[in-house]
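Please consult the sequence and the structure shown below.

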Amino acid sequence: MTTNHLDIPALIQQFNEDGYLILPGILSEDKVNRLNAAIDRIVAEEPESLAYNIYNSVERDDEIASLIDEPSLLPLMVNLLGFNIQLHISHLTIRKPNPNDVKTESHSFINWHQDGPHPQFPQQNGITSTYYIKTCYILSDMSQPDRGNTKVIPGSHNKPFLPESQDVNGLVAGEVQVCGKPGDVFIFPQNLWHAGAPNRSEFTRRQLFLGYSPIWMRPIDYRNASDRLLENASPGRKQLLGVIDKDPFKYYVPQESMVPLKELYVQDAGKSVYK
């Protein structure tokens, strides 16, 4: 485990206000190339489609699994959510050029929504709390809008909000298309209103989402991490894969020795979003 150059208190403050962060140049060009090679291998095993949604992506390739405890981002995630966290979801999305907005089984784009279960997480006074946070690794050139970019409504995570339209082809007041280059990372909580823009470009969108949640929540990817993922895992990665103790009560009140990620936690570092 390591620390990094990110100004974590400032980023937490920005995250709390805007509901998202864009961090440029997190991954090297070499790492992006290796991840794209892994994605090529995965897609080769799938039926041909305009769009792909591939869950539990960490299980599909070791290169993707290496991002579980990506050292440049892990301290930030620990200080956003607290140290008692786990990997919640790993989700690869690919959107090929689709200028005619052809609908596919895996959907070429999706309407405005907050992430979460059905029925949704409970609300208080019209506001849903933050339950998990996603890191989105941008692996294709999304430096311009309408390349299948993620749309967001800044600040919609901490106030009552409903979009006036579900049509992602139109504009919702205040919307922003998140743009970035390969290697940039976009971070947002599940309660930020977001959507998928159409891809009317000549570029194929590639985004890889890894989400983190408190360890007492059930992860989306699996009931228990596979032996393959756990093999030779560091203590920190084992925690992120949900392995801390045989006693399930410890998920709620772990002993300090069970959550090695605590060493990355800075008390009151801008005040984490999960209190």
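## A question of placement

In which loop does Asp146 lie? In this predicted model, Asp146 belongs to the loop between β6 (133–138) and β7 (150–152). Its phi is near 60 degrees, a positive value in a residue other than glycine. Asp146 has a relative accessible area of 31% and is partly exposed.

## Overall architecture

The protein chain contains six helices and eleven strands. Its radius of gyration is 18 Å, close to the 19 Å given by the globule rule for 275 residues, so the chain is as compact as a globular protein of that length. The C-alpha trace spans about 55 × 45 × 35 Å along its principal axes.

Of contacts between residues at least 6 apart in sequence, 84% join residues at least 24 apart.

## Burial, surface and charge

Buried residues account for 54% of the 275 residues. The chain exposes about 13000 Å², of which carbon and sulfur atoms supply 51%. There are 25 positive and 33 negative side chains, and the centres of the two sets lie 3 Å apart.

## Further backbone features

Most residues other than glycine have a negative phi, and most peptide bonds are trans. Asn56, which is not a glycine, has a positive phi of about 50 degrees. Asn56 is located in the loop between β2 (51–55) and α3 (62–65), and with 17% relative accessibility it counts as buried.

The peptide bond from His118 to Pro119 is cis, with omega near 0 degrees. Pro119 is placed in the loop between β3 (85–95) and β4 (123–124).

Methods:
Residues numbered from 1 in each chain as written. Predicted model: local features only at pLDDT ≥ 70, side-chain atom pairs only at ≥ 80, totals over all residues. Heavy atoms only, no water. Helix = DSSP H or I, 4+ residues; strand = E, 2+ residues; numbered from the N terminus. Rg over C-alpha atoms; globule rule 2.2 N^0.38 Å. Buried < 20%, exposed > 50% of the residue type's maximum accessible area, 1.4 Å probe, protein only. Contact = heavy atoms within 4.5 Å. Areas by Shrake-Rupley, 256 points an atom, 1.4 Å probe, with all protein chains shown as cover. Lys, Arg positive; Asp, Glu negative; His and termini not counted. Charge placed at Lys NZ, Arg CZ, Asp CG, Glu CD.
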